[in-house]
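Student: I would like to go through the labels used for this model and check each one against its cut-off. Please take the definitions in turn.

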Amino acid sequence: MNIRQLQYFVDLSETLNFTKTAQNFYITKQIQSLEGDLGIPLFHRSKKSVSLTSEGQAYLPYAKKILEDIDLSYKVIEEYRRGKRCTFSIGFIKSLDDELLLNL
């Protein structure tokens, strides 16, 4: 399985049209390869239509989440490269015991 295959799967699940997906990505065999890797059919195919199988419907949210996480990881790395680092502050109650504060 690779990321491209997941992108093709998500696109095809939205367009339900192999020709449109092929135009979007120029590749149709990747869907069959993904199905082979997963060992399940993701789509019902006929000469005039395509629809998600129940397995495809179950897998779709996971494929979308994987793609979202990958996109987020690139954004985090880009922010890191630009020097944006996460910072956080810790607040203490003024009446907190000094010795307890030092132990923390």
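Student: What makes E78 and R81 a salt bridge?

Tutor: The closest N and O atoms of E78 and R81 are 2.4 Å apart. A salt bridge is a side-chain nitrogen of Lys or Arg within 4 Å of a carboxyl oxygen of Asp or Glu, so the pair qualifies. The model is predicted, so local features need pLDDT of at least 70, side-chain atom pairs count only at pLDDT 80 or more, and totals for chains, interfaces and linings use all residues. Residues are numbered from 1 along each chain as its sequence is written, and side-chain values use heavy atoms, with hydrogens and water left out.

Student: Why are E78 and R81 said to be about one helical turn apart?

Tutor: Because they are three residues apart in helix α4. Helices (H or I, at least four residues) and strands (E, at least two) are DSSP runs, numbered from the N terminus. E78 and R81 are also linked with R82 in a network of salt bridges.

Student: Why is R81 called exposed, and what is E78 called?

Tutor: Buried means under 20% relative accessible area, exposed over 50%, and partly exposed in between (1.4 Å probe, protein chains only). R81 has 63% relative accessibility, so R81 is exposed. E78 has 27%, so E78 is partly exposed.

Student: How many salt bridges does a search of the whole structure find?

Tutor: Six. One of them pairs K64 with E14, with the closest N and O atoms 3.8 Å apart. That value is within the 4 Å limit, so the pair counts.

Student: What makes K64 and E14 a link between distant parts of the chain?

Tutor: K64 is in helix α4 (residues 54–81) and E14 in helix α1 (residues 3–15), 50 residues apart. K64 is partly exposed at 32%, whereas E14, at 54%, is exposed.

Student: Which residues have the most contacts inside the largest nonpolar core?

Tutor: F9 and F43, in a core of 15 residues. A nonpolar core is a set of buried Ala, Val, Leu, Ile, Met, Phe, Trp, Tyr and Cys residues joined through side-chain atoms within 4.5 Å. Helix α1 gives the most to this core, with five residues.

Student: Which residues does F43 contact beyond its neighbours within four places in sequence?

Tutor: Among them are F9, L12, I31, V50 and L52. Contact means heavy atoms within 4.5 Å. The list also includes S13, E35 and T53.
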